[in-house]
Amino acid sequence: MIFSAFGFAMMSTFVKLSGDLPAFQKTVFRNSVSLAIALALIIKHKESFFGKMENQKLLLLRSVFGTVGVLCNFYAIDRLVLSDANMLNKLNPFFVIIFCSLFLKENINQKQMLTILTAFVGALFIIKPSFSFDMLPGLVGVLGGLCAAVAYTCLRALGGREQSYTIVFYFSLFSVVSILPFMFMTYEPMTIKQMLYLLLSGVFASMGQFGVTLAYKYAPPKEVSIFDYTNIIFSAIISIIVFDVFPDKYSFIGYGIIFAASFYMFLYNKKLDVNEGKQQK
């Protein structure tokens, strides 16, 4: 998951460096690289391109919400401080808990619900509600986190039923094909440097995609999601070094609240696992 977090932080960096290009254009380039890498791995290992028939609904849902999540995230990255955009996207573990409770019938208790509400208070410090269009990028960033949570809930449901490269190929192909018409409608000419940045964003996005897919394949989200927050450390450092932009004090307060809520959830879940283990013995 830490490997994945670094990959997504670098992806966000190159997306931002590519400049004021349409989100559709950036998404197609980003996922085309992932598509090529996943295709090569499927051919090498002689695995299925589209997965088993009984998994099609989950694979499609993961792809639809994953695609919308990427578009929202790119929109937020272009208009917010890099670490702010990525932190709002990292609200997804809290949404995952809600969706796992609703759709996978995993129990959610009072302490977990209180932690979720605390995390959203932290998000308000980052969004800084002004009831104007200035808060739109922040709200879109939250929507991206929500869509990512649906996608990750599908990954949780898929478990070990599909190979990681099949899942990445399915998602990448869906997103490229579905977004391509919108890219042509809004296409803007690019410099060689912009194209290189977008290709690099795709390379690092592939690192992120394979990392998170494998992480959720081999461990439940409640155990590994905390490590995804290293993305914010990477993003904050990159914002300062590359973009010479410092998050404001309210953003730092928001980071602290969300991370504290995540860390508490991590410790609480570990305690539940220990108690369950003792009961089974």
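Of the 281 residues of the protein, 53% count as buried. Buried means under 20% relative accessible area, exposed means over 50%, and partly exposed lies in between (1.4 Å probe, protein chains only). This is a predicted model, where local features need pLDDT of at least 70, side-chain atom pairs count only at pLDDT 80 or more, and totals for chains, interfaces and linings use all residues. Residues are numbered from 1 along each chain as its sequence is written, and side-chain values use heavy atoms, with hydrogens and water left out.

View 1. Helices (H or I, at least four residues) and strands (E, at least two) are DSSP runs, numbered from the N terminus. Along the sequence the pattern reads α-α-α-α-α-α-α-α-α-α-α-α. The radius of gyration is 18 Å, close to the 19 Å that the globule rule gives for 281 residues, so the protein is as compact as a globular protein of that length. That radius is taken over C-alpha atoms, and the globule rule is 2.2 Å times the number of residues to the power 0.38. Taken along the principal axes, the C-alpha atoms fill a box of roughly 60 × 50 × 30 Å. Contact means heavy atoms within 4.5 Å. Among contacts between residues at least 6 apart in sequence, 90% join residues at least 24 apart. The accessible surface comes to about 13400 Å², and 71% of it belongs to carbon and sulfur atoms. Such areas come from the Shrake-Rupley method with a 1.4 Å probe; for residues, only the protein chains shown count as cover.

**View 2. Phe6 meets Phe204.** Rings of Phe, Tyr and Trp (its six-membered ring) pair if their centres lie within 6.5 Å; planes under 30 degrees apart count as stacked, over 60 as edge-to-face and the rest as tilted. By this rule the count comes to 13 aromatic pairs. In one of them, the ring centres of Phe6 and Phe204 are 6.3 Å apart and the planes stand at 85 degrees, so the pair is edge-to-face. The pair links distant parts of the chain: Phe6 is in helix α1 (residues 2-17) and Phe204 is in helix α9 (residues 192-218), 198 residues apart. Phe6 is partly exposed, at 33% relative accessibility. Phe204 is buried, at 17%. Phe6, Phe14, Tyr197, Phe204 and Phe234 form one aromatic cluster.

**View 3. Tyr229 pairs with Phe259.** This aromatic pair is edge-to-face, with 6.5 Å from centre to centre and 75 degrees between the planes. Tyr229 sits in the loop between α10 (221-224) and α11 (230-242), while Phe259 belongs to helix α12 (residues 249-280), 30 residues apart. Tyr229 is buried, at 4% relative accessibility. Phe259 is partly exposed, at 40%.

**View 4. Charges sit over rings at Phe171 and Tyr75.** A charge counts as over a ring if NZ of Lys or CZ of Arg is within 6 Å of the ring centre and within 35 degrees of the ring normal. The charged end of Arg62 is 4.3 Å from the centre of the Phe171 ring. Arg79 lies over the face of Tyr75, at 3.8 Å from the ring centre.

**View 5. Helix α7 is largely enclosed by the rest of the structure.** Of its 23 residues, 18 are buried. The expected span of a helix is 1.5 Å times one less than its number of residues. For α7 (residues 136-158) that gives 33 Å, and the end C-alpha atoms are 33 Å apart, which agrees. Just after α7, Gly159 takes a positive phi of about 55 degrees.

**View 6. Ser206 lies in helix α9.** Ser206 is buried, with a relative accessible area of 3%. Leaving aside neighbours within four places in sequence, Ser206 is in contact with Val33, Ser34 and Ile37.

**View 7. Helix α11 is followed by Asp244.** The 13 residues of α11 reach 18 Å from first C-alpha to last, close to the 18 Å expected at 1.5 Å a residue. Its buried residues include Thr230, Ile232 and Ala236. Asp244 has a positive phi, near 55 degrees, in a residue other than glycine. Asp244 lies in the loop between α11 and α12. Asp244 is exposed, at 60% relative accessibility.

**View 8. Lys46 has a positive phi.** The value is about 55 degrees, although Lys46 is not a glycine. Lys46 is found in the loop between α2 (23-45) and α3 (56-79). At 75% relative accessibility, Lys46 counts as exposed.
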